[in-house]
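The exercises below are meant to be worked through with the sequence and the structure side by side. Try each task before reading its solution.

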Number of protein chains: 2
Amino acid sequence: MTTPLNFFGPGARAHHVGLAVQSIAALVPDAAITHDETQQVKVAFVDIAGQCIELIEPASDTSPVTDSLAKGQKLVHVAIEVPQIEAAITAARAHGFHRLARPVPATAFDERPIAWLFSRQYGLFELIEAAK
Amino acid sequence: MTTPLNFFGPGARAHHVGLAVQSIAALVPDAAITHDETQQVKVAFVDIAGQCIELIEPASDTSPVTDSLAKGQKLVHVAIEVPQIEAAITAARAHGFHRLARPVPATAFDERPIAWLFSRQYGLFELIEAAK
């Protein structure tokens, strides 16, 4: 039995899981790499048996994944695409999620807004606003 | 662009992502909890916007997720269902995965065999043999 947990409101759908790596190009030479200067990461998307995984490479020493890599932590977040990011943040707050920063446009998603949410129970989630 | 990475051979399909928690019952009171004595964990499955997530609670002080929780590491593995576990292990070895232990029956999957694979690049993966 799988219990549905509706944290992010109607229309939310799983997008990817983030996985920290030292070098995307060393692993996937033909990957399409996007450099997101705001997030200080380089990213590329891979599909492993139907699971969409965002490979995340630090683009600076203060990148948020630098620490993860140092600790050997590979999986760093779950990303959910939502119709309206502010409505999803409001829904998530009722389930114990805190917004870590205001939504900002993301290079990897055609400048659509993303936001970071954290729950002590469920960890780090990324919200991505769906294309209109 | 999403690059397909075929690590586990034909017929492999994503099953879930594992997430360590202190107490499943405290988070999801109506969850169907399975106690896997071999793995020293209690588990339950939830669906977050279409992403299947296995909540994993330590069932002993030496549980493999005890350390993860102590370090604040929530996401611990990606699980893939495969038609034949030995064939999938062979396929994965060619992509740098090491088998951590021989396949064992898993309570959470009707005693179907599971195996743990580790890659320094991609981290920890679980293989689950599909039902015949």
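**Exercise 1. Describe the order of elements and the overall dimensions of chain A.**

Solution. Reading from the N terminus, the elements of chain A follow the order β-β-α-β-β-β-α-β-α-β-β-β, which amounts to three helices and nine strands; helices (H or I, at least four residues) and strands (E, at least two) are DSSP runs, numbered from the N terminus. The model is a predicted one, in which local features need pLDDT of at least 70 and side-chain atom pairs count only at pLDDT 80 or more, while totals for chains, interfaces and linings use all residues. Residues are numbered from 1 along each chain as its sequence is written, chains are lettered from A and ligands numbered from 1 in the order in which they are written, and side-chain values use heavy atoms, without hydrogens and water.

Next, take the dimensions: along the principal axes, the C-alpha atoms of chain A fill a box of roughly 40 × 35 × 30 Å.

**Exercise 2. Decide whether A:Thr3 is buried or exposed, and find what A:Thr3 touches.**

Solution. First locate A:Thr3, which belongs to strand β1 (residues 2-4) of chain A. Its relative accessible area is 5%, so A:Thr3 is buried (buried means under 20% relative accessible area, exposed over 50%, partly exposed in between, with a 1.4 Å probe and protein chains only). Then list its contacts (heavy atoms within 4.5 Å): not counting residues up to four places away in sequence, A:Thr3 touches B:Val28, B:Asp30, B:Ala31, B:Phe45, B:Val46 and B:Asp47.

**Exercise 3. Which residues have the most contacts inside the largest nonpolar core?**

Solution. A nonpolar core is a set of buried Ala, Val, Leu, Ile, Met, Phe, Trp, Tyr and Cys residues joined through side-chain atoms within 4.5 Å. The largest has 59 residues, and those with the most contacts inside it are A:Phe8, A:Ile80 and B:Phe8. Another core, of 16 residues, lies apart from it, and includes A:Ile56 and A:Ile114.

**Exercise 4. Where does A:Gln39 lie?**

Solution. A:Gln39 is placed in the loop between β3 (34-36) and β4 (41-48) of chain A. With a relative accessibility of 15%, A:Gln39 counts as buried. Leaving aside neighbours within four places in sequence, A:Gln39 contacts A:Pro64, A:Val104, A:Ile114 and A:Trp116.
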